[in-house]
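Please work through the exercises below with the sequence and the model side by side. Each task is followed by a solution in steps.

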Amino acid sequence: MKNCRIGVYICMCGTNIAKIVDVEAVANFVSGLPNVVLARTYKYMCSNPGQEMITQDIKENQLNRVVVAACSPNMHEHTFRNALRSAGLNQYLFEMANIREQCSWVHKNTKEATEKAMALVYAAICRVELHEELESMSVNMCPNTLVVGGGIAGMTAALELADAGNSVHLVEKNNHLGGNLARVDLTAPYLYSARDLLTERLTRIMNHKQVHVYLESKVTDLTGYIGNFKATIQLLNGKPAKEKKSVEVEIGNVVVCTGFKEFDASRIVHYGYGKLPNVITSFELEKMIRAGRIETKEGKIPGYVAIIHCVGSRSQEFHTYCSRVCCMTALKYASEIKSANPTCYISDIYIDMHAFGKGHEDFYRQSSEAKTLFLMYEKDDRPVIHKASPKDDCEMLIEVNEKLSGEPIEIPADLVILMVGMEAREDSHEIARIVNISQDKDGWFIESHPKLEPVATTTDGIFIAGTCVAPKDIPDSVAQARAAAARILARIAKGKIEVDALYSEVNEEMCSGCRFCNQLCPFSAIEFNEEKKQSYIISALCKGCGVCVAACPSSAIKGRHFTDHQILAQVDGLFCEIGM
Amino acid sequence: MAIRVNPKFIDVLDRFGAEDVQLCYQCGDCSTICPHADDVYKFPRKSMRLLQMGLSQKIETTLEPWLCYYCGQCSEQCPREADPGETMMSLRRWLISRYDFTGIARQFFKSRLIEVLAVLIIALLTGIFLLYYGFSGGSIHIYDGEGAFLSSTFIHKFNLTVGAILAVFLVINAIRMWYLVMIKGTQFAVPWWLYLKELYQLPWHFFTQKRYSECEKKREHPFFMPWFIHLGLMLGYVTMLVLVMVFIEQLQSGPEIKWSVHIFGYLATIGLITGTIYFIRNRLKKNYVQYKKSHSTDWVFVILLFIIVLTGIAQHVFHRTGLFEWANITYVIHLMCVVPWLLRVPFSKWAHLIYRPLAMYLAAIRRAALALQEVVLDSYPVFIK
């Protein structure tokens, strides 16, 4: 390529790179290459002086291409692109060679590592010569939001958005709002009434002008892209399918808060759930507590109550994860049962006591003070419940190898409460498909980054919050709902949204309209123009993954910034003979 | 065979002083810091666990409570203020009540009223009997020799009778302890010759209380105080017991002082008076963790002993100074305390005089037997010491 003036920068990364790779040798090798105007080494390229060095060189030496050989582009590509921008150069005229993760960290031999580093840098130079100037674009942001699920997370997100003056469509499958929280009596550890928590939200939502509540409804379709979605909401109402009414709404963002369902306790045969009448689940106990009387099926007040933790959680057989809320809920039951019947003896059979949250450890201590008997069992050595003989003073006996004493014991019980864990809802794959987000092996929705983007997904404009992401308690669900609402409000306030320039384009002249790419696109970014009989890509949705580029039989699709020329030049560069 | 958990047991032990054991969450800090716990005898953690679960049939066969000398380091260390030291103490009380076949000890530990009433009734009966005997055959003005109010030959017979009653109860209880620990609680074979080989443990621990001195925390006290003073108290006690059981005639003759006998009496008195004052003072001041909580039986123990020592000294002094009436009166009071005290022995804390060295002896036998067979004590792995 003519008129290319390339600057190459080789970072030592302290000693991370320099202790294995001979950076000076790499710089020497590079500086002799055609089009390379200068090659420098520096201790930390990502530091401010390092970036300023690049900016100054661009201005003084009229550089029009830059290569930085340093760490992974995941880490600092953004940093160096900014350096180019501040020098007035288009940010895409830049390439990064990863000589840390892919070279110095994984090799021991200096000579070989240096040769590999040279090859990587050379490949980057070959590629950057073919780079083009690209511009990112912006789209409009519709201020309406769709919230799927009317539990505590959904209601919180809806109120947060509506209070800021935006229209919210809240879709709930059941005939009432409240979700799983509406099935609970008190909340741990402060024993606040769940009803009180809900009533305030409910009355506000019902009277809010900006919130449109769709009960007994579900989202059946979502088209469009960030800022410009169209959702179809179908009203179920028990009518036959043909008569079902559906509504179409225009929205800019979606918050998915579809919640969890509880583990089916009958799957664990040891516990005899469904066979022994007085083995009940935590939600069945909640029902009893709300009815005001804790009793056995025979109507007796239980003298011994046993609570078994981790039912369906933390096992290889069912779910490996911890459901997070059951430990404190179990302690809450101990306290509620004890206050209803002070002479009752409560055994709490657990694997580990997870008391991680605010006030939880104190709550655990209070439970100990009230003489709850805590018994530990080994993860894969579950207790076994069987009926007691008539001469025993209890209904059932629970056999377990108690881990802390090392004794095989049996525990008397009149009522056994199974702390059923949380599971992804069976219909969650349906909503995942409609809004185009992914699920992990357990069915939970995947966030775009587990630490830094906990409520965003890989699909722009789709947010997730609450227990549909992973098991969590009320404060965490509420925090996530508010976080999602805050992210959306920031976008609404901006009015427009920037879209990365790395998307694919269809060359209309070459497209035969075979529609292969339509099916393959993992982001549903390709649509078909019936009039022209050609496919086109919604650039706002495209992530530039390149699946369509590879699949197109007519080579009609070009991946911007990942053209065939650029990639082949890079490959050629890698395999070039390098003599030291 | 699975053992039935008994959630009610923790309420029973509450009466014996284990008020905070429910707080224990089994971190094991207590066992780590304990200078006496090891791989074979795991305590206080495991003892606390068995207590929480109410496995009384298991606890009654364990020796661990006797291997603890309550230095209190565990209680200071405990992150949950579950007071392992006091728990071990209350387990000792409970074990005393378990070894006792009459059930009297249990009543004493459970009810302060019953204990105090029993002591008072026996004291009154003794007093009435002695006064009746004294007035019917002797004179209140004569202390020793012909016509004495309480002649030394009579007192000798009286003492031996009370001592025999005491011995019968103690021996039966000790046999019960042996049965529970070595037969019921030992699932592995113990060769008979180990009983001979380890026999030296009995006098060794009885007369030195070496393990008591090994409690590191105790070394913080000046001159190993609790161990030293406890040893003095115990040796004084035993010396005095031998004197009144065997040499009472020489002891009571007078008025000149018989140094060959009395020197032992004086030494024993020093040990007793120092010990009782020291322990009463600590229990009042609560300055060390092991004295923070005093069970009612602890108070009866030290106060009764203190009165016995004081009246003993008083009658000795009155006798030698010619105040025979006073000497006789204080003698009666002295015996009114001694008799309930001695009769209370098998049912009270005092029984540890026998149980502790016996426990040390049996523990050594069990340990040797285990080492011989390389048998793991527990059938299930326990991950925390």
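The exercises on this predicted model move from chain A as a whole to its parts, and then to chain B.

**Exercise 1. Describe the overall make-up of chain A: its secondary structure, its extent and its share of buried residues.**

Solution. Begin with the secondary structure: chain A has 15 helices and 30 strands. Next, consider the extent. Along the principal axes, the C-alpha atoms of chain A fill a box of roughly 95 × 60 × 40 Å. Then turn to burial: of the 580 residues in chain A, 46% are buried. Finally, examine the contacts in chain A between residues at least 6 apart in sequence; 69% of these join residues at least 24 apart.

**Exercise 2. Determine whether A:Leu84 is buried or exposed, and list what it touches.**

Solution. First locate the residue: A:Leu84 belongs to helix 3 of chain A, which covers residues 73-86. Then apply the cut-off, under which a residue is buried if 20 or more other C-beta atoms lie within 10 Å of its own. A:Leu84 counts as buried because it has 22 C-beta neighbours inside 10 Å. Now list the contacts, leaving aside residues up to four places away in sequence: A:Leu84 touches A:Val66, A:Leu89, A:Gln91, A:Leu93 and A:Phe94.

**Exercise 3. State the domains assigned to chain A and characterise the contact of domain 2 with domain 3.**

Solution. The assignment for chain A lists domain 1 (6-134), domain 2 (145-259 + 425-497), domain 3 (265-421) and domain 4 (504-560). For the pair in question, the C-alpha centres of domain 2 and domain 3 of chain A are 33 Å apart. To their contact, domain 2 of chain A contributes 11 residues and domain 3 of chain A contributes 18 residues. Sorted by class, the side of domain 2 of chain A that touches domain 3 of chain A has six nonpolar, no polar and five charged residues.

**Exercise 4. Give the strand order of the five-stranded open sheet of chain A and identify its edge strands.**

Solution. Read the order: the strands of chain A follow one another as 10-7-6-14-25, with parallel pairing. The edges are strand 10 (211-214) and strand 25 (462-464) of chain A, each of which pairs on one side only. Direction ignored, neighbouring strands of this sheet are turned by 20° against each other on average. Helix 6 of chain A (residues 152-163) packs on the sheet and touches strand 6 (145-148), strand 7 (168-171), strand 10 and strand 14 of chain A. The direction of helix 6 makes about 170° with that of strand 7 of chain A. To check one pairing in detail, take strand 14 (residues 253-256) and strand 25 of chain A, which pair in the parallel sense over three bridges. Within this pair, A:Val254 stands opposite A:Ile462.

**Exercise 5. Describe the packing of helix 16 against helix 17 in chain B.**

Solution. Two packed helices are described by the angle and the distance between their axes. The axes of helix 16 (residues 259-285) and helix 17 (residues 296-320) of chain B come within 10 Å and cross at roughly 145°. The crossing is left-handed. Helix 16 of chain B contributes residues including B:Leu272, B:Ile273 and B:Phe279, while those from helix 17 of chain B include B:Val302, B:Leu305 and B:Phe306. By class, the residues of this contact divide into nine nonpolar, two polar and two charged.

Key. Residues are numbered from 1 along each chain as its sequence is written. Chains are lettered from A and ligands numbered from 1 in the order in which they are written. This is a predicted model: local features need pLDDT of at least 70, side-chain atom pairs count only at pLDDT 80 or more; totals for chains, interfaces and linings use all residues. Helices (H or I, at least four residues) and strands (E, at least two) are DSSP runs, numbered from the N terminus. A residue is buried if 20 or more other C-beta atoms lie within 10 Å of its own, exposed if 12 or fewer, and partly exposed in between; C-beta atoms are placed from the backbone. Two residues are in contact if their C-beta atoms, placed from the backbone, lie within 7 Å. Domain bounds come from an automatic or database domain assignment. Ala, Val, Leu, Ile, Met, Phe, Trp, Tyr, Cys and Pro count as nonpolar, Asp, Glu, Lys and Arg as charged, and the others, Gly among them, as polar. Two strands pair if DSSP finds at least two bridges between them. Axes are lines fitted to C-alpha atoms, for helices over the stretch in contact, and angles run from 0 to 180 degrees between N-to-C directions. A crossing is left-handed if the near helix is turned anticlockwise from the far one by less than a right angle, and right-handed if clockwise.
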